[in-house]
Amino acid sequence: MCSEMSSTPAAIQVDKLSKSFRMYNHPRDRLLQALWGRDRHGQPKLFYKEFWALQQLSFRLARGQTLGVVGRNGSGKSTLLQLICGTLQPSSGSVQVHGRVGALLELGSGFNPEFSGLENIYLNAAVLGLSKAETEQKLDQILAFADIGAFVHQPVKTYSSGMAVRLAFAVQAHIDPDVLVVDEALAVGDELFQKKCYAHLERLKENGTAVLLVTHSCPQIIQHCDQALLLHKGKARMLDEPARVTITYQRLINASDADWDAAFVEPLPQQDETAAIASLAPASSHESAKQQPISSSSQAWLDPNLVPQSSEIYPSHGARITDLWIERAGPAGNPGDQVNVLPFGEPFVLVFGYEADLDLERLGLACHIASHTGQRISGQTLPTELSTKASQGLISVRAGDRWQVRFSFNGGLWPGVYFAGGGIICFGEQGKSFVHRVVDFRALRILENTPISVVGSCALQANPPQLTLNQA
C-alpha cells in the first residue's frame, strides 16, 4: 500500500467486515424461525440459509484519496457502501467513518418524490446536519451546479433520471462532506455533466474529502482513483494500483467462480496489518497484473469467456463464413498470437475462414466492427472498391474450396468492447445480394492503460499534433 495513503489520517477504516443475510425458501419460514427457532433440547434450528454478501474485508481510505471499487454484479459492492453509510449493520467486524458522509447510492435516493426539488434540498441538507442558514448559504451553488432551471420548483416525481441525479449529486457534493460515496449514479448523466462531476470531485479531494467510487468503467477507475479494490462473491481479491486491478478484473470478468478462486490465494494468518489490508495476493498459478509489468505485451491475451450473446448467423446461399478469430499484428504481416483483448493503440488482424458449397462467381468479402450499441465503427472489403460496378478483384470459387482473408486494422478503437462480423456478397445481374452474413460473431475488448481523452467514435490520429508558433 502506498506510503501516502498510510501516513494520511484515515477517513474510513474497515476491519474484518462481514455481512450475512438470511435466505428463506418460503415466507412462512420466517414465522417458523421466530416461533420454533430451537428444538426441544435448546439447540438452534434453522429454517433459512445464510448468504454472505461480504466476508472478512479490511481496508483503509485516507483523507483526500479516492478508492475505486470494481467487481461483477453480486460481488458485494452495494452492500459495502450501505455498511459504510450506516443503512446496514455488519454481522461481524467494524466500520469506522470519520466525519460527515455524503452518499449517492442510487438514483434519487433520499428524495421525497412528492416534494419539489427545492424542498428536497432543504430536507437532505437537514438530514446531513446542515442548519437552514447553512443550506441557504450554499443554495445558489447547488442550484447552479444542478442546472435544472425552473424544474427545481416541481415535484421530483416529474424529473427525468438525468435531472434527478443532477440534483442529488449537487446536494451531496456541496455539503462539504468528509467522505463522499458514489455508486454508479453518475452513469445516468450525460458526458458534459459527468465531466463537471469529476472535476468537482477533484476539488473536493484537494480539500481533504475521501471519495469511494463504485463503477463498472475501468477508464474512470484509472483516471480518477488513487487505489482500486476488486471484489468477487463478497471477498476482496485485490487492493492495488488502479491499472493493475482493472487489468486483473478484465482478465477475469467473464471467468467462472472456480477460475476466480484459482487466481488468488488467501493471505497467511501471520501477515502484518498492511498485508491484511491488501486482503488477497495473486497466486503463482495464474499470471496476474501484480506479477507483470504494465506493458502492451502483458496486456494482450485470449479470453475464452469473452463470447457475444447477440450473435446472428444468417442462412447460407452457396458459401459461408466458417470461422473468425483475432490476431495481434505480427512482423511483416506474419501471423501473430490469437487474442481478443488488446491494449489501446495496438494493431490487430481479423482472420476470416470461408468455405464454398456451390460454384460461385463475382464474390466480394466484407468485414465490420461495431460498438456495443450496434454502431458500425469501421470495416473493410475485398476488393477495396466493392460496388455493383466492381469488376476487378472479384472472387470465383468452386464447391469445396476453402480460403482465408486477413483484414488488418490500426489500433484506433477507443477502450471498450466491440463486435466483429462480416459477409460474402455476390454481384449478379440483379445487383448485389448476401451469400452469407454473420453479425456480432466475435467480441474484442480494448483496454485503457493510461487516461485517454476520448474524442469521436475512433482514433484516427496518424502523428502527434505539430505546433507552429510565429513570434512577433
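Predicted model: local features only at pLDDT ≥ 70, side-chain atom pairs only at ≥ 80, totals over all residues.
**The six-stranded sheet**

Six strands make up an open sheet with mixed pairing, and their order is β5-β6-β7-β3-β8-β9. At its edges stand β5 (101–104) and β9 (235–240), each of which pairs on one side only. Direction ignored, neighbouring strands of this sheet are turned against each other by 15 degrees on average.

Within the sheet, strand β6 (residues 179–183) runs parallel to strand β7 (residues 210–214), and five bridges join the two. In this pair D183 is placed opposite V214 of β7. Strands β3 and β8 also pair in the parallel sense, over four bridges, with V70 opposite L230 in β8. The pairing of β8 with β9 is antiparallel and has five bridges; here L229 stands opposite L239 in β9. The hairpin of β8 and β9 has two residues between the strands, and K233 in this hairpin takes a positive phi near 50 degrees.

Strand β8 is mostly covered, with six of its six residues buried. The cover applies to both faces: Q227, L229 and L231 are buried on one side, and A228, L230 and H232 are buried on the other.

Helix α3 (residues 77–85) lies across β3 (66–70), β5, β6, β7 and β8 (227–232), and runs at about 150 degrees to β6. Helix α9 (residues 242–252) packs on the sheet and touches β3, β8 and β9, with its direction at about 25 degrees to that of β8.

**The four-stranded sheet**

A further open sheet has four strands in the order β14-β13-β16-β20, and its pairing is antiparallel. Strands β14 (335–338) and β20 are at the edges with a single partner strand each, so one side of each has no neighbour in the sheet. Neighbouring strands are turned by 45 degrees against each other on average, direction ignored. Strand β13 (residues 319–329) pairs with β14 in the antiparallel sense over two bridges, and in that pair E327 stands opposite Q338 of β14.

Strand β20 (residues 402–409) contains R406. The C-alpha atoms of R406 and V349 are separated by 6.3 Å, although the two residues are 57 residues apart along the chain.

**Salt bridges**

Side chains of opposite charge can pair when their charged atoms come close. The structure holds 15 salt bridges, including those in the table.

| Pair | N to O distance |
|---|---|
| R320 and E355 | 3.6 Å |
| R320 and D357 | 3.1 Å |
| R406 and E327 | 2.9 Å |

The side chains of R320 and E355 meet in a salt bridge. Because R320 lies in strand β13 and E355 in strand β16 (residues 348–356), this pair ties together parts that are 35 residues apart in sequence. R320 counts as partly exposed because its relative accessibility is 28%, whereas E355 is buried, with a relative accessible area of 16%.

R320 also forms a salt bridge with D357. D357 lies in the loop between β16 and β17 (360–371) while R320 is in strand β13, so the pair connects parts that are 37 residues apart in sequence. At 37% relative accessibility, D357 is classed as partly exposed.

The side chains of R406 and E327 meet in another salt bridge. This pair links distant parts of the chain, with R406 in strand β20 and E327 in strand β13, 79 residues apart.

**A nonpolar surface patch**

L31, L35 and W36 make a nonpolar surface patch of about 350 Å². Of these residues, L35 lies in helix α2 (residues 28–35). L35 has a relative accessibility of 52% and therefore counts as exposed, since the cut-off for that class is over 50%.

Conventions: Residues numbered from 1 in each chain as written. Heavy atoms only, no water. Patch = residues over 30% accessible without salt bridge, like charges linked within 9 Å, V, L, I, M, F, W, Y side chains within 5 Å. Areas by Shrake-Rupley, 256 points an atom, 1.4 Å probe, with all protein chains shown as cover. Salt bridge = Lys/Arg side-chain N within 4 Å of Asp/Glu carboxyl O. Buried < 20%, exposed > 50% of the residue type's maximum accessible area, 1.4 Å probe, protein only. Pairing = 2+ DSSP bridges. Axes fitted to C-alpha atoms, helices over the stretch in contact; angles between N-to-C directions. Contact = heavy atoms within 4.5 Å.
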